[in-house]
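Subject: Structure handover

Hello,

Here is the structure I promised you. Please open it first, then read my notes below.

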Amino acid sequence: TLSYASVTWAEGSTMKALMDKDQGERMRNFVNERATKNPLGTLTAGASFMLGGKTVEAGEYDLYFTIDDELQWHLVLANKTTDAAPLDWTLALSESDHQSSRLRLMLGAGEDDGAGVLKIAFGKKHCMVEFAPAGDN
């Protein structure tokens, strides 16, 4: 199960400040700290699965996004019931012709049974992260 808050994330002043490589460090630190304390959503997995090449064990996860000093966005899943290190994916964002004024997370079918894609879009950026059953699931 995937649930999240579809926040306004596009081309406003906050986004411009975040994307300023030289002057935006303070804003990025603020947003990243806030993301860990107030996640945008949750992901609940009844079985282990592979997401973007990493194993996500069954369980409930906080879902949030961070941005690093190289202006790369990351999808982060933090297990809500263990002290395991959060799982982190650097997103391979590309430019889109479509403007998404709000954060969009969409699940789509994949080529194989049980496989799919997590589509992420905000502003004029988008990417897809593949998922599939792990092991014998």
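Let me start with one residue pair. Leu 2 has Leu 43 in strand S2 as its bridge partner. Please keep in mind that this is a predicted model.

**Around strand S2**

Leu 43 also has a bridge partner in S5, namely Tyr 61. So what do the strands around these residues look like? Strand S1 covers residues 2-4, and three bridges join it to S2 in the antiparallel sense. On the S5 side, five bridges join S2 to residues 59-67, again antiparallel. Is S2 itself enclosed or open? Four of its five residues, 41-45, are buried, so S2 is largely enclosed by the rest of the structure.

**The chain as a whole**

The chain has two helices and nine strands. Along the sequence the order is β-α-α-β-β-β-β-β-β-β-β.

Now the overall dimensions. The C-alpha trace spans about 50 × 35 × 25 Å along its principal axes. The radius of gyration is 15 Å. A compact globule of 137 residues would have a value near 14 Å, so the two agree.

Buried residues make up 37% of the chain. The exposed surface comes to about 8,200 Å², and carbon and sulfur atoms supply 49% of it. Contacts across the sequence are worth a look too. Take those with a separation of 6 or more: 49% of them join residues 24 or more positions apart.

Strand S8 runs over residues 94-109, and strand S9 over residues 116-133. The two pair in the antiparallel sense, over nine bridges. Ala 109 stands opposite Gly 116 of S9. Six residues lie between the strands of this hairpin. Gly 114 takes a positive phi there, near 80°.

**Aromatic rings**

How many aromatic pairs does a search of the whole structure find? The search finds one. The partners are Trp 73 and Phe 122, with ring centres 5.2 Å apart. Their planes meet at 70°, which is over the 60-degree cut-off, so the pair is edge-to-face. Trp 73 lies in strand S6 (residues 73-79) and Phe 122 lies in S9. The pair therefore ties together parts that are 49 residues apart in sequence.

Are these two residues buried or exposed? Trp 73 has 3% relative accessibility, so it counts as buried. Phe 122 has 2%, so it counts as buried as well. The cut-off for buried is under 20%.

One further ring has a charged neighbour. Lys 54 lies over the face of Trp 89, at 5.4 Å from the ring centre.

**A loop residue**

Last, please look at Ala 84. This residue lies in the loop between S6 and strand S7 (87-90). Its relative accessibility is 47%, so Ala 84 counts as partly exposed. Where is Arg 102 relative to Ala 84? The two are 18 residues apart in sequence, and their C-alpha atoms are 30 Å apart in space.

If you have time for two views, start with Leu 43, which has Leu 2 and Tyr 61 as bridge partners. Then turn to the edge-to-face pair of Trp 73 and Phe 122.

Best wishes

Conventions. Residues are numbered from 1 along each chain as its sequence is written. This is a predicted model: local features need pLDDT of at least 70, side-chain atom pairs count only at pLDDT 80 or more; totals for chains, interfaces and linings use all residues. Side-chain values use heavy atoms; hydrogens and water are left out. Two strands pair if DSSP finds at least two bridges between them. Rings of Phe, Tyr and Trp (its six-membered ring) pair if their centres lie within 6.5 Å; planes under 30 degrees apart count as stacked, over 60 as edge-to-face and the rest as tilted. Buried means under 20% relative accessible area, exposed over 50%, partly exposed in between (1.4 Å probe, protein chains only). A charge sits over a ring if NZ of Lys or CZ of Arg is within 6 Å of the ring centre and within 35 degrees of the ring normal. The radius of gyration is taken over C-alpha atoms; the globule rule is 2.2 Å times the number of residues to the power 0.38. Contact means heavy atoms within 4.5 Å. Accessible areas come from the Shrake-Rupley method with a 1.4 Å probe; for residues, only the protein chains shown count as cover.
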